[in-house]
Every structure is written in C-alpha cells, then in structure tokens.
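These are my notebook entries on a single structure. I set out what I looked up and what I found.

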Amino acid sequence: MPWSRSLDVATRALLIGSAAGARASFGVGVPILLDNRRSERSNQVLIGAVAGMLGEMVWDQLPNCPSRLEWPGLASRIATGAGGALIVARSVRAPSAVPAMIGAIGALGGAIAGFRWRQHWSRQHPAWTGGVIEDGAALAVAVGAWRRG
C-alpha cells in the first residue's frame, strides 16, 4: 500500500476513533449509515444504528449520566473506536489491525478531550448546551472520517 494511502487510513481511523470517544455509537453507527453498500444491510441494522446514536445523544444530556471516563463507558468508546476504524480500513481494502489500534487510541483521546470540554463549558453555560455542541462536532468528525476517502 502506498505511504499516502496508509497515512490517509491512519488519519481517518484517528478521526472516527475520536468521534467514538465523544459518542460511542458514532464509531460504528456513522460508517454503517454512510457505507455505499447500504443495500446489503437490513433495515433493522440501519434502524438500530440510528436508534443507538439518537438514544446516546439524549442519554448524554441527562444529569445522572455516568462519566465517560468510568470503565464501562470508556470500554465501549474504545471498542467502537476500534470497530469504526476497522470498517474504515476495510472500506478501502487496507489492512485493519493498525487502524483499529489507532481508532482505539483516538477514542481514548476523544473521551478525555470531550470530558474536559464539557467541564470547561459547564462553568459558564448550561451543561446540556455543551452536550449538543459536542454532538454536532462529533458527528461532523465521524462523517468527515468516512467521507474523506
């Protein structure tokens, strides 16, 4: 594989992982929805992806939502970051082990960055508004990671 293509896949893996760090469901949900092979997917899978993403966006705005840095939530973000990166790599027929690791690392970074962003934002603004901004940013990053290729 040419160096530039490897770098592109690594960048896209990092981006999809970062989006998963903000919203775990975006890691695999966005690639499922945007994959040009959608006709091969069942309606139940597409509906499940949309429901998962919408549910997480609503859940994350609730005051009793646990920290994304606590283990169960963090593990799901790391897993979907790796899974999303794997989907990205396979979409261009690239080896997937290294991109999956990059996606997992991106998810960890995205989770930490999102946590800090929300802490900072919430000092002067309603916390839910920061969550909505974060939803939009994470969705844009995930779509950008998929559309880049």
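How many nonpolar, polar and charged residues are in the lining of the largest pocket? I noted first that the model is a predicted one. By class, I found 6 nonpolar, 5 polar and 3 charged residues in that lining.

**Entry: the largest pocket**

I looked up its volume, which is about 250 Å³. The lining of this pocket comprises 14 residues. I recorded Asp-60, Cys-65, Pro-66, Arg-68 and Arg-118 as those that lie nearest its centre. H5 provides the largest share, with 5 residues.

**Entry: the largest nonpolar core**

I then turned to the largest nonpolar core, which has 18 residues. The members that touch the most others are Ile-16, Phe-26, Val-30, Leu-33, Met-53 and Ala-142. I traced the elements behind this core: helix H1 (3–22), helix H2 (24–34), H3, H4 and helix H6 (127–147) each contribute at least two residues. As background, I noted that nonpolar side chains tend to be buried together in soluble globular proteins.

I looked up Ala-49 and placed it in helix H3, which covers residues 43–61. Is Ala-49 buried or exposed? Its relative accessibility is 10%, so Ala-49 counts as buried, the cut-off being under 20%. Not counting residues up to four places away in sequence, I found that Ala-49 touches Gly-29, Ile-32 and Leu-33. I also looked up the pair Ala-49 and Phe-26: they are 23 residues apart in sequence, and their C-alpha atoms are 8.6 Å apart in space.

Val-58 is found in helix H3 as well. Val-58 is exposed, because its relative accessible area is 55% and exposed means over 50%. I recorded a C-alpha to C-alpha distance of 9.3 Å between Val-58 and Gly-131, residues that lie 73 places apart in sequence. Gly-131 itself is among the buried residues of H6.

I checked the length of helix H4 (residues 71–91) against its residue count. Its 21 residues, at 1.5 Å a residue, should span 30 Å, and the end C-alpha atoms are 30 Å apart, so the two values agree. I listed its buried residues as Leu-74, Arg-77, Thr-80, Gly-81, Ala-82, Gly-84, Ala-85, Ile-87, Val-88 and Ala-89.

I made the corresponding check on H6, which has 21 residues. H6 reaches 30 Å from its first C-alpha to its last, close to the 30 Å expected. The buried residues of H6 include Thr-129, Gly-130, Glu-134, Asp-135 and Trp-146. Ala-142, noted above as a member of the core, is also buried in H6.

Which residue with a positive phi follows H4? I found Arg-93 there, with a phi near 55 degrees. This value is positive although Arg-93 is not a glycine. Arg-93 is in the loop between H4 and H5. With a relative accessibility of 74%, Arg-93 counts as exposed.

Ser-96 is placed in the loop between H4 and H5 too. At 19% relative accessibility, Ser-96 counts as buried, because the cut-off is under 20%. Leaving aside neighbours within four places in sequence, I found Ser-96 in contact with Leu-86, Ala-89 and Arg-90.

Definitions and conventions
Residues numbered from 1 in each chain as written. Predicted model: local features only at pLDDT ≥ 70, side-chain atom pairs only at ≥ 80, totals over all residues. Heavy atoms only, no water. Helix = DSSP H or I, 4+ residues; strand = E, 2+ residues; numbered from the N terminus. Expected span 1.5 Å × (residues − 1). Buried < 20%, exposed > 50% of the residue type's maximum accessible area, 1.4 Å probe, protein only. Contact = heavy atoms within 4.5 Å. 1 Å grid on protein atoms, 1.4 Å probe; cavity = no way out; pocket = protein on both sides within 12 Å on 5 of 7 lines; lining within 4 Å. Points joined across faces, edges and corners; volume = space filled by probe spheres on them. Nonpolar A, V, L, I, M, F, W, Y, C, P; charged D, E, K, R; others polar. Core = buried A, V, L, I, M, F, W, Y, C linked by side-chain atoms within 4.5 Å.
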